Structures are given as C-alpha cells and as structure tokens.
Amino acid sequence: ISDLTLVDCVGICALTYPPISHGFLFPLPPRGHNCAAFYGLDESDLDKVFHLPTTTFIGGNETALPLREIIRRMEMSYCQHIGVEFMFINDLEQCQWIRQKFETPSAMQFTSEEKRTLLARLVRSTRFEEFLQRKWSSEKRFGLEGCEVLIPALKTIIDKSSQNGVDNVIMGMPHRGRLNVLANVIRKELEQIFCQFDSKLEAADEGTGDVKYHLGMYHRRINRVSDRNITLSLVANPSHLEAVDPVVQGKTKAEQFYLSDTEGKKVMSVLLHGDAAFAGQGIVYETFHLSDLPSYTTHGTIHVVVNNQIGFTTDPRVARSSPYPTDVARVVNAPIFHVNGDDPEAVMYVCYRRNGHNEMDEPMFTQPLMYKQIKKQKAVLKKYAEKLMAEGVVTQQEFEAEMAKYDKICEEAYARSKDEKIMHIKHWLDSPWPGFFTLDGQPKSMTCPSTGLSEETLAHVGGVASSLIVFTPKSLLRHPEAKSSFDVMLPGTEFLRGIPEDGPAAEKPEQVKRVLFCTGKVYYELAKERKTRELEAEVAITRLEQLSPFPFDVVEQEARKYPNAELLWCQEEHKNQGYYEYVKPRIRATTRRERPVWYSGREPASAPATGNKNTHLQELKRFLETSFNLDAFKNLGV
C-alpha cells in the first residue's frame with residue numbers, strides 16, 4: 001500500500017487540503033464516508049498485513065502492520081486533539097521531522113512528574129484569575145479564563161528553549177492574559193501587579209505610563225528545568241494589538257547582533273496573538289515577510305494564537321474569508337498546529353474566551369448561543385485534575401493542597417501591595433536601561449557625553465560615505481553647504497543641540513531685526529534666500545538640532561542676544577503637521593512671553609504635500625517671502 005493511500009485512508013488530506021494542490025491521482029472519499037468502503041475494501045481486508053513505506057514513522061521498530069492497526073495509528077497521530085498543517089511546506093526534511101514527531105508511537109506521552117508540573121502550573125494560571133476576580137470584580141483586567149492552558153504552554157516553550165541553549169526570550173502579546181503572563185511566566189512580583197488596581201497609586205517618574213494590561217517587564221532568573229540563567233523580556237504595547245510584532249523582531253535582532261548570535265540559537269522571539277487580530281491586521285502579514293530577509297531575519301519566531309473564537313463581538317464568519325485565523329502563516333511555509341484548549345497535554349493551544357471582551361461586557365447579548373454552550377463547559381483545571389486523579393498521578397488532597405498553597409501566596413502579596421503607594425515606571429521597563437538608573441534604582445542625571453571621534457575613524461567613515469544611511473532628503477547628499485570641519489567632530493567635542501548664527505548678524509546683534517528658528521534641511525533654503533536678498537546682517541538663523549528634550553538654554557541665549565529682533569519659527573511642513581505647535585509655547589516660556597513667536601510655513605492641510613509642482617513652487621515662494629519680509633508682522637500685536 002502506498003504512503004499516499006495511507007494518508008488518504010484516514011481522510012487527513014481530504015479534510016484540509018484541495019486534492020488538486022497535492023497532485024493526487026485518485027479520487028478522495030467525501031467527508032463522513034467510510035474510507036475503506038470507498039476504496040472497495042471490506043472488513044476482512046482490514047486484517048491484511050502491509051509493508052510500511054520508508055517515509056512513515058508509525059511502525060516504530062516494525063516494518064509491517066495490519067491495515068486496521070495502520071489506520072488506528074494514523075488516527076492516533078492526526079485525528080486526536082492536535083490538527084497539524086504542514087503538507088504545503090516545500091522542504092522534505094522539515095516535513096519528515098514533523099511527521100516523526102507525530103507518527104512515532106508513544107511520542108506524545110508524558111511522565112507522571114511532567115503531569116504533576118503541568119497541573120501545578122495550571123493551578124497558578126487559573127487561581128490567579130480567580131483571585132483577581134474576587135478582589136476586583138468590577139475592574140477591567142482582560143483575564144485568561146477559558147485560555148488558562150496558555151501559561152503552562154509558554155513555560156514549556158521557555159523550558160525547552162533554555163535546555164537547548166537559549167539565553168534570551170523576547171515576547172510580545174496583546175492585553176488578554178498579560179497580567180497572568182507577567183505573574184506566572186515572567187515572574188513579576190505579585191504585589192507590584194496588585195497595587196496597580198489601587199486608584200490612588202501615584203506615578204513617581206516622568207512619562208505618561210499606561211494601563212496595567214499594556215505594561216512590559218524585564219527579568220533575569222534561573223530556569224528550574226534547565227538550571228541555566230535565562231532573560232525574559234515582555235515588550236509593552238498599546239491597544240493596537242499587533243503593533244508590537246515588528247518591535248519584538250527588531251529588539252530580538254538587536255540582541256542577536258550584540259551577542260554575535262548569527263543563527264538565532266541564543267536569542268529567540270515569541271509572539272502571542274488573538275485570532276481576530278492575527279487574521280485581520282496587515283502588520284502581521286508584513287512582519288511575516290521580513291522573516292527570511294537576510295538583513296531582518298531573527299531565524300524563526302514561535303507564534304501562539306489564542307483562539308477566542310470571536311473578535312471583540314464579531315463572529316469569524318463575518319470577520320475573515322480564510323478557514324482558519326492562522327492561514328496567513330502559510331505564506332512563509334510555517335507549520336501550523338491546531339490544538340484543543342481543553343487538553344493541557346498539548347504544547348500550543350487553541351481555546352475559547354469564557355467571559356466577554358472584558359470583565360464589564362456581557363457576551364450573552366451579542367453571542368447568546370455560543371456563550372450558552374460555553375457556560376456548560378467544565379473548567380480545564382477541574383477536567384485535568386479529575387483525569388490525573390483517575391490515573392492515580394495525584395490525589396484529591398494533593399490537588400487541594402496545591403491550590404491552597406498558591407492562594408496563600410496571593411493573599412500575602414495582596415497584603416504587601418497595600419504598602420505600595422507610588423508606581424515607578426522603571427519597574428515596568430522591558431529592558432534594563434542601566435544608563436538611566438543608579439544601582440539603587442534612582443534616575444540618573446542625564447548629561448551629553450563627548451560624541452567626537454578620532455581623525456583616523458573620521459577619515460575611514462569618509463572613505464565609505466557612499467554607504468552611509470542619510471535620514472534627510474536626498475537634496476543634501478551632495479549639497480556644497482552641508483558639510484562640517486573635522487574640528488567639530490574630534491575627541492572632546494559633543495553633539496550640538498542648537499547651532500547659533502555665526503555670520504554677520506552675530507557680529508552686531510543689536511541691529512538684527514529678525515531671528516529665524518528652524519530645524520533640518522530648510523536651513524539651507526533659508527540661508528540661500530537670505531544671501532540673495534542681502535539680509536545677512538539683519539536676519540539671524542538659529543538651528544535647533546534637538547527638539548526633545550527641548551533646548552531651553554540655547555533658545556534663551558539666542559533670544560537675549562538679539563533683544564530688538566522678532567522671533568519667527570520656519571518650517572516647510574503644513575502648520576498642522578510640523579513642529580510649530582510644539583515649539584511655540586516653549587519658546588514663549590523661555591522669553592517669559594515678552595515677545596510673540598510668529599509662524600512662517602505652509603497653511604494647514606490634510607495631505608503632507610501637494611502633488612502639483614506649480615502649487616509647490618508657489619507655496620515655497622510664499623514661505624520664503626514671509627520669512628524675509630521684515631514688514632510681514634508689523635502692527636499685528638501679540
């Protein structure tokens with residue numbers, strides 16, 4: 001019997017893949033039909049012994065099996081709680097590796113100790129959510145109810161990775177289950193999480209902060225399974241669920257670069273997704289297409305899709321056109337594993353959301369039939385505990401003791417959390433940032449160190465200038481004025497936050513009638529126009545090369561230097577798109593509101609630029625005329 005016939009006999013390909021795409025030369029049985037009968041086989045044929053092809057692993061040490069046993073073993077491999085998609089992968093070695101993992105007899109059996117560990121992790125995942133629900137029943141937390149097996153899955157991924165030499169795991173995830181991951185995977189102190197529910201908690205650091213289910217964390221600890229140090233980083237991200245995907249890839253790539261990890265064996269990334277966002281947000285597809293590019297690859301990412309069966313309140317039937325939310329991963333030949341979330345002895349999980357989008361939503365309003373069935377579902381912890389007790393792996397007393405142990409940990413952390421009155425942003429950073437904080441965790445005073453380079457290094461850089469990355473428009477690439485002397489770049493020099501006027505206007509500042517503040521390439525157009533109009537003694541131009549933190553001292557120095565001059569901010573961008581609204585109040589504050597800050601630039605617009613060349617030239621002409629017409633703002637007041 002051929003291998004293709006074996007696969008077809010259990011209906012694997014018939015269930016998932018169009019026959020034509022795999023080149024089958026025989027008809028496939030319709031769904032629900034008896035496979036043997038479809039091919040003209042009867043009951044007696046099932047006891048015939050067949051030699052197994054070398055491409056299958058179901059035989060183990062055996063080379064021949066009865067057809068009945070062949071079908072049973074194939075069903076055990078592919079028709080249980082794990083559905084695997086891999087036949088589209090065009091790498092035979094990868095396909096055979098996956099088949100070996102699934103088809104080898106007893107490949108997916110767990111030891112009693114592994115089962116007990118899995119149960120303990122499931123206890124922590126479940127009881128954590130129950131504890132939060134008891135203490136803060138009216139607070140949004142985007143709990144993991146219905147998907148509790150995610151925590152044991154992630155911990156297993158980390159354990160196996162650490163055993164195989166991985167030192168750094170960088171993770172990105174949406175809000176659902178984030179608090180649980182922080183507590184039970186990253187190992188954030190529980191009191192630091194619980195105090196986030198206190199409405200009176202004050203922020204101690206600068207910065208906007210964020211809601212608790214958007215925050216990240218960095219932690220280095222010993223992995224108990226591998227007995228090796230491992231660094232875990234959960235990247236913070238906003239409500240735009242998948243925006244974190246390329247951020248995680250970039251952070252992973254950077255870590256691999258600095259650790260000389262050219263094969264991705266020391267640093268790896270893990271991305272968690274909801275089903276609706278994974279299928280619906282284009283950034284997922286875009287990030288996948290970076291995966292095999294030489295300059296961007298991180299050598300593989302584990303994607304865990306928590307399938308809530310629903311996106312906010314949207315049914316999949318009106319949310320996507322593909323059969324599965326994971327179909328986007330097929331574009332890069334990634335194997336896809338669909339796993340029943342009620343079977344904890346699986347590695348990756350697909351499950352349901354037991355509650356609404358958040359704890360304040362009532363899902364019975366929008367999905368009454370679905371949630372009527374969900375309410376009948378037995379919780380996965382209870383189901384798995386009963387299974388292990390029936391197998392004699394644990395006793396009822398041991399199970400209850402494990403729950404009581406974690407409940408006590410939560411209660412003690414809750415008591416400590418009441419002493420936390422101030423939130424420190426540094427406790428929630430996804431990288432250590434040693435240059436920003438002292439050893440005792442206090443913010444460091446930020447200074448600008450010398451940024452100069454040796455003349456030899458500068459000469460070398462000049463020799464490879466053709467390969468430099470230029471962030472400014474190409475118009476400056478060979479501009480004769482866009483250059484600097486080595487003297488301002490040698491050791492002992494530093495980055496200039498502002499570049500003051502150093503021409504004729506600076507020699508007689510009391511005679512200057514206008515100071516133009518600007519940033520970027522527009523300076524060169526302003527300088528050219530000033531020279532053409534012969535206003536170099538009457539108009540000073542000051543460049544602000546750093547806008548944030550704002551260089552108040554530079555602006556104050558320039559404003560004082562030209563006491564009789566008007567202050568004008570110049571920009572090429574439209575008024576609602578450039579820096580004017582940002583710099584105006586800061587310049588005004590610097591001058592104690594004694595002088596207005598006038599505007600020269602394009603009018604407000606919804607588009608970043610016109611598409612008509614004539615209009616562009618007219619806008620540029622008006623911009624330059626406003627900048628150098630010294631009577632433009634006369635008698636306008638403040």
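Exposed here means a relative accessible area over 50%. Glutamate 534 reaches 68%, so glutamate 534 counts as exposed. Keep in mind that this is a predicted model.

**The chain as a whole**

Let's start with the overall picture. The chain has 638 residues, and 43% of them count as buried. Its secondary structure comes to 21 helices and 16 strands. If you take the contacts in the chain with a separation of 6 or more, 75% of them are between residues 24 or more positions apart.

Most residues other than glycine have a negative phi, and most peptide bonds are trans.

Serine 260 is another non-glycine residue with a positive phi, near 55°. You'll find serine 260 in the loop between α10 (244-258) and β8 (267-274). With a relative accessible area of 59%, serine 260 is exposed.

Then there is a cis peptide bond, running from serine 548 to proline 549 with omega near -5°. Proline 549 belongs to the loop between β14 and α19.

**Aromatic rings**

A pair of aromatic rings is described by the distance of the centres and the angle of the planes. The count for this model is 17 aromatic pairs. Here are two of them:

| Pair | Centre to centre | Angle between planes | Geometry |
|---|---|---|---|
| Phenylalanine 550 and tyrosine 582 | 6.3 Å | 75° | edge-to-face |
| Tyrosine 580 and tyrosine 599 | 4.8 Å | 50° | tilted |

What does the pair of phenylalanine 550 and tyrosine 582 tie together? Phenylalanine 550 is in the loop between β14 (539-544) and α19 (552-561), while tyrosine 582 is in helix α20 (residues 580-590), so the pair links parts that are 32 residues apart in sequence. Phenylalanine 550 is buried at 7% relative accessibility, whereas tyrosine 582 is partly exposed at 26%.

Are tyrosine 580 and tyrosine 599 buried or exposed? Both of them are buried.

Elsewhere, one aromatic cluster is made up of Phe128, Phe131, Trp136, Phe194, Phe197 and Tyr414. There is also a charge over a ring: arginine 543 lies over the face of tyrosine 523, 3.7 Å from the ring centre.

**Helix against helix**

Two packed helices are described by the angle between their axes and the distance between the axes. Take helix α6 (residues 112-135) and helix α7 (residues 150-163): their axes come within 8 Å and cross at roughly 130°. Which residues meet where α6 packs on α7? On the α6 side they are Leu118, Arg121, Leu122 and Ser125, and on the α7 side Ile151, Pro152, Lys155, Thr156 and Asp159.

Helix α14 (residues 380-391) and helix α15 (residues 396-417) pack at about 145°, with their axes 10 Å apart. The crossing of α14 and α15 is right-handed. Leu381, Ala385 and Met389 in α14 make contact with Gln396, Phe399 and Met403 in α15.

Note on methods. Residues numbered from 1 in each chain as written. Predicted model: local features only at pLDDT ≥ 70, side-chain atom pairs only at ≥ 80, totals over all residues. Heavy atoms only, no water. Phe/Tyr/Trp six-rings, centres within 6.5 Å; stacked < 30°, edge-to-face > 60°. Helix = DSSP H or I, 4+ residues; strand = E, 2+ residues; numbered from the N terminus. Buried < 20%, exposed > 50% of the residue type's maximum accessible area, 1.4 Å probe, protein only. Lys NZ or Arg CZ within 6 Å of the ring centre and 35° of its normal. Axes fitted to C-alpha atoms, helices over the stretch in contact; angles between N-to-C directions. Contact = heavy atoms within 4.5 Å. Left-handed = near helix turned anticlockwise from the far one by under 90°.
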